[in-house]
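I opened this notebook to look up charged side chains and a few of their surroundings. The entries follow in the order I took them.

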Amino acid sequence: MFTILIRTILIYVFLIGIMRLMGKRQLGELEVTDLVITLLLSEIATIPITDKNTPVLYAIVPVITLASFEVFTSGLCLKYPRLKSLLSPKPALLIYNGKVNRAELQKVRISLDELLCELRQKNVADIDQVQYAILESNGKISIITKAMHTPPTAQMLGLAPVEPGVMHIVFCDGIYADPTLRSLGKDRRWVQKQMKAHGLTPAQVFYMMVDDLNNVRIERRDS
């Protein structure tokens, strides 16, 4: 069991080093440590399932080790921020103050064509519209456009819109969302009253939602 524990930690550290060498492009939407943990746990958990000669305990020990190690390292990263830079790569400025950072592109092995592809996916047609492009630690690219190409906000237009909040489902497919209704200070009778005001019965309604300003949205069932 002790040998398994040591080998698990060694493989964990080895994979983190390999992922760091491969760069941020391979990470997808996960931090390096999260990706390594996911890979190891998925592999370890399948061993006793597929091999009946392997004791279940041989999987439980590494899983507990990895989970404990992840919690421990996460705590250390919060207390010592410099340690996080060793486990996860820092954000990279691909475009800085409107200019493409060629050295950074070469460092993270991203071509200009790939950068333009990312911009198009963010609905940016011209690289001249970009003030900053940042390759984040999770491998995603954040785009900040120049002020003149940024859509105007209500504050810029001198407007003061009322916040409607989010839409809450209070009734769906014949079921009342009682916890949501209680949090909104409403009940089933209020829901039925709103349906009646629209000339509907609960049997005719697919779903009903309401926002924080009591704006109601009702969708009828298909006939």
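Which side chain meets that of Arg189 in a salt bridge? I looked it up in the model, which is predicted, and found Asp187, with 3.7 Å from N to O. I then checked accessibility for both partners. Arg189 is exposed at 65% relative accessibility, whereas Asp187 is partly exposed at 35%.

**Entry: the whole structure.** I ran the search over the whole structure and got five salt bridges. I followed up some of them below.

**Entry: Arg188 and Asp178.** I looked up Arg188 next. Its side chain forms a salt bridge with that of Asp178, and the N to O distance is 2.7 Å. Arg188 belongs to helix 8 (residues 188–197) and Asp178 to helix 7 (residues 178–183), so this pair ties together parts that are ten residues apart in sequence. Arg188 has 40% relative accessibility and counts as partly exposed. Asp178 is also partly exposed, with a relative accessible area of 23%.

**Entry: Glu118 and Lys122.** I found a salt bridge between the side chains of Glu118 and Lys122, at 3.9 Å from N to O. Glu118 is partly exposed at 25% relative accessibility. For Lys122 I read 39%, which again counts as partly exposed.

**Entry: Glu104.** Is Glu104 buried or exposed? I have it down as buried, and it has no salt bridge. I placed Glu104 in helix 5 (residues 102–108). I also listed its contacts, leaving out residues up to four places away in sequence: Glu104 touches Ala92, Leu93 and Leu94.

**Entry: Leu184.** I turned to the loop between helix 7 and helix 8, where Leu184 is found. Leu184 is partly exposed, at 23% relative accessibility. Which residues does Leu184 contact, leaving aside neighbours within four places in sequence? I recorded His168, Val170, Val210 and Asp212. I also looked up the distance to Asn214, which lies 30 residues from Leu184 along the chain; their C-alpha atoms are separated by 9.4 Å.

Note on methods: Residues numbered from 1 in each chain as written. Predicted model: local features only at pLDDT ≥ 70, side-chain atom pairs only at ≥ 80, totals over all residues. Heavy atoms only, no water. Salt bridge = Lys/Arg side-chain N within 4 Å of Asp/Glu carboxyl O. Buried < 20%, exposed > 50% of the residue type's maximum accessible area, 1.4 Å probe, protein only. Helix = DSSP H or I, 4+ residues; strand = E, 2+ residues; numbered from the N terminus. Lys, Arg positive; Asp, Glu negative; His and termini not counted. Contact = heavy atoms within 4.5 Å.
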